[in-house]
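User: I'd like to go through this structure with you. Can you put it up first?

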Amino acid sequence: MIIFDKVSKVYPNGVKGLDNVSLKIEQGEFVGIIGLSGAGKSTLIRSINRMHDITDGSLSVDGVDVESLKGKQLRSFRRQIGMIFQSFNLVTRTTVIKNVLTSFVPDLPFWRVLFGVFPKEMKIKSLEALDNMGILDKAYMRCDQLSGGQMQRVALARTLAQNPKIILADEPVAALDPVTARQVMDDFKKINKEMNISVLINIHHVDLALEYVDRIIGIKAGKIVYDGKASEIDNEILKEIYGGDLDKVGSSEDLLKRE
Ligand SMILES: Nc1ncnc2c1ncn2[C@@H]1O[C@H](COP(=O)(O)OP(=O)(O)O)[C@@H](O)[C@H]1O
Ligand SMILES: [Mg+2]
């Protein structure tokens with residue numbers, strides 16, 4: 001369980017990224033975080049794996065105070081949390097399998113990394129993760145030969161190979177066309193439902209969020225303004241989250257027509 005207790009994050013320049021946020025996320029939840037650009041979505045998820053420090057309140061994951069972790073403990077804590085980015089963060093000039101194998105680098109002696117000699121069981125785990133994402137046949141292709149959707153699947157396979165409890169995804173489908181975006185959202189849903197991995201996705205496409213996730217957290221200027229079932233979101237709530245400016249809501253025409 002992830003618990004935010006009155007968490008604030010003030011950046012060194014004085015900007016408040018999060019303002020007194022309290023929330024609980026149970027193991028296995030599928031959560032979408034929505035809000036305008038600059039609302040604090042990235043700040044929220046990046047606090048969970050300590051990509052940055054919070055400045056007030058407390059944040060715990062399965063009873064562990066995230067801010068208290070140091071050195072080796074922090075590194076092993078971070079390994080339980082997968083991170084997926086809009087830009088995939090792959091080494092595109094090398095093969096798919098090598099990208100997945102990089103998830104084992106922290107477990108290996110330096111010479112193995114240097115010479116690219118990975119133990120057999122790690123190769124097997126990597127191939128299994130690729131199979132899980134339906135791209136086993138791409139294992140020995142270079143990443144730069146793949147489509148955007150396939151690259152995001154490689155990033156997901158790399159994350160799965162480390163057996164995460166939680167996956168944090170920061171705008172994972174923002175760079176993809178609508179059809180591919182749906183396929184990648186299907187992958188997140190599959191991972192969430194079949195493996196009981198908690199999935200938190202920052203997503204500015206409201207219609208995709210409502211279609212896929214179970215719970216929506218709406219944030220505005222660092223504050224939570226909605227936290228509840230995706231199925232209970234209506235236009236009033238969207239207006240609150242998006243400051244009345246529904247033009248800025250990512251492709252929600254269908255939603256608006258329902259009114
Ligand atoms: N490293 C940083 N330094 C200073 N301000 C930042 C930094 N990162 C984000 N911010 C500010 O914090 C606020 C929240 O940003 P962010 O969490 O990136 O929003 P979102 O992901 O919803 O677009 C914004 O005002 C943004 O400009
Ligand atoms: Mg962001």
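**Strands, ligand shell and domains**

Analyst: Strand 6 (residues 81-85) and strand 7 pair in the parallel sense over 5 bridges. Strands are DSSP E runs of at least two residues and helices are H or I runs of at least four, both numbered from the N terminus. Two strands pair if DSSP finds at least two bridges between them. This is a predicted model: local features need pLDDT of at least 70, side-chain atom pairs count only at pLDDT 80 or more, and totals for chains, interfaces and linings use all residues. Residues are numbered from 1 along each chain as its sequence is written, with chains lettered from A and ligands numbered from 1 in the order in which they are written.

User: Which residue is the bridge partner of I84 in strand 7?

Analyst: A169 is the partner of I84 there.

User: And how many bridges join strand 7 to strand 8?

Analyst: 5 bridges, with strand 7 and strand 8 (residues 198-202) running parallel.

User: What about strand 7, buried or exposed?

Analyst: Mostly covered: 5 of the 5 residues in strand 7 (residues 166-170) are buried. Buried means 20 or more other C-beta atoms within 10 Å of the residue's own, exposed means 12 or fewer, and partly exposed is in between, with C-beta atoms placed from the backbone. I166, L168 and D170 are on one side and I167 and A169 on the other.

User: Why two sides?

Analyst: Because side chains in a regular strand alternate between the two faces of the sheet.

User: Changing topic, which residues surround ligand 1?

Analyst: Y11, N13, V15, G17, G35, S37, G38, A39, G40, K41, S42 and T43. A residue is near a molecule if its C-beta atom, placed from the backbone, lies within 6 Å of it.

User: What classes are in the shell around ligand 1?

Analyst: The shell has 3 nonpolar, 8 polar and 1 charged residues. Helix 1 (residues 41-48) gives the largest share of it, 3 residues.

User: Where is the positive phi in the hairpin of strand 4 and strand 5?

Analyst: At D62, with phi near 50°; the hairpin has 2 residues between the strands. Strand 4 and strand 5 (residues 64-65) run antiparallel, joined by 2 bridges, and V61 stands opposite V64.

User: Last one: what separates the centres of domain 1 and domain 2?

Analyst: 28 Å, taken over C-alpha atoms. Domain 1 is 1-80 + 168-173 + 197-259 and domain 2 is 87-163, with bounds from an automatic or database domain assignment.

Methods: Ala, Val, Leu, Ile, Met, Phe, Trp, Tyr, Cys and Pro count as nonpolar, Asp, Glu, Lys and Arg as charged, and the others, Gly among them, as polar.
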